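Please look through the sequence and the structure before reading on.

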Amino acid sequence: MEKGIRRATEEASLQDGSLSQLLANIYLNEYDQEMKSRGVTVIRYADDIVVLVKSKRAAVRLLESSRTYLEQKPKL
């Protein structure tokens with residue numbers, strides 16, 4: 001959407017489409033492995049992520065480190 005006008009694009013996959021879920025799984029596979037190496041329990045379906053921690057402090061720290069990790073990762 002640009003200036004309130006919706007425009008079609010050929011560059012993106014449909015959200016909730018099977019290709020979108022496949023690409024999310026490919027893209028986030030390294031994230032899964034990183035969390036596993038840290039001993040963090042992650043439950044994920046496509047781009048929906050649940051991370052299990054013991055405290056609010058741990059959740060805040062992990063959220064920040066996850067953001068940093070995912071923002072530095074090259075896009076597909």
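## T41 and the basis of the model

T41 has a relative accessibility of 42% and so counts as partly exposed; buried means under 20% relative accessible area, exposed over 50%, and partly exposed in between (1.4 Å probe, protein chains only). T41 is part of strand 1. Leaving aside neighbours within four places in sequence, T41 is in contact with V50, V51 and L52, where contact means heavy atoms within 4.5 Å. The C-alpha atoms of T41 and V53 are 7.6 Å apart, although 12 residues separate the two along the chain.

The model is predicted: local features need pLDDT of at least 70, side-chain atom pairs count only at pLDDT 80 or more, and totals for chains, interfaces and linings use all residues. Residues are numbered from 1 along each chain as its sequence is written, and side-chain values use heavy atoms, with hydrogens and water left out.

## Overall layout

The protein contains 2 helices and 2 strands. Helices (H or I, at least four residues) and strands (E, at least two) are DSSP runs, numbered from the N terminus. Along the sequence they follow the pattern α-β-β-α. Helix 1 covers residues 18–37, strand 1 residues 41–45, strand 2 residues 48–52 and helix 2 residues 56–72.

Of the 76 residues of the protein, 16% count as buried. The protein exposes about 6,700 Å², and carbon and sulfur atoms supply 52% of this area; accessible areas come from the Shrake-Rupley method with a 1.4 Å probe, and for residues only the protein chains shown count as cover. Among contacts between residues at least 6 apart in sequence, 36% join residues at least 24 apart.

## The hairpin

How do strand 1 and strand 2 pair, in the parallel or the antiparallel sense? They pair in the antiparallel sense, over 5 bridges; two strands pair if DSSP finds at least two bridges between them. V42 stands opposite V51 in strand 2, and Y45 stands opposite D48 in strand 2.

The two strands form a hairpin with 2 residues between them. In the turn, A46 has a positive phi of about 55°.

R44 belongs to strand 1. Which residues does R44 contact, leaving aside its neighbours within four places in sequence? They are A24, N25, L28, N29, D32 and I49. With two of these, the side chain of R44 makes polar contacts: one with the side chain of N25 at 2.8 Å, and one with the side chain of D32 at 2.6 Å. A polar contact is a pair of N or O atoms within 3.5 Å; within protein, one must be able to donate a hydrogen and the other to accept it, and residues adjacent in sequence count only if both atoms are side-chain atoms.

R44 and D32 also form a salt bridge, with their closest N and O atoms 2.6 Å apart. R44 lies in strand 1 and D32 in helix 1, so the pair ties together parts that are 12 residues apart in sequence. A salt bridge is a side-chain nitrogen of Lys or Arg within 4 Å of a carboxyl oxygen of Asp or Glu; by this rule the count comes to 2. A salt bridge also joins the side chains of E34 and R38, at 3.1 Å from N to O. E34 is partly exposed, because its relative accessibility is 26%. R38 is partly exposed as well, with a relative accessible area of 38%.

## S66 in helix 2

Is S66 buried or exposed? S66 is buried, because its relative accessible area is 9%. This residue is placed in helix 2. Leaving aside neighbours within four places in sequence, S66 is in contact with Y31 and M35. The side chains of S66 and Y31 make a polar contact of 3.0 Å.

## A nonpolar patch

L19, L22, L23 and I26 make a nonpolar surface patch of about 350 Å². Patches are made of residues with over 30% relative accessible area and no salt bridge: like charges are joined within 9 Å, and nonpolar side chains (Val, Leu, Ile, Met, Phe, Trp, Tyr) within 5 Å. L19 is found in helix 1, and its relative accessibility of 47% makes this residue partly exposed.
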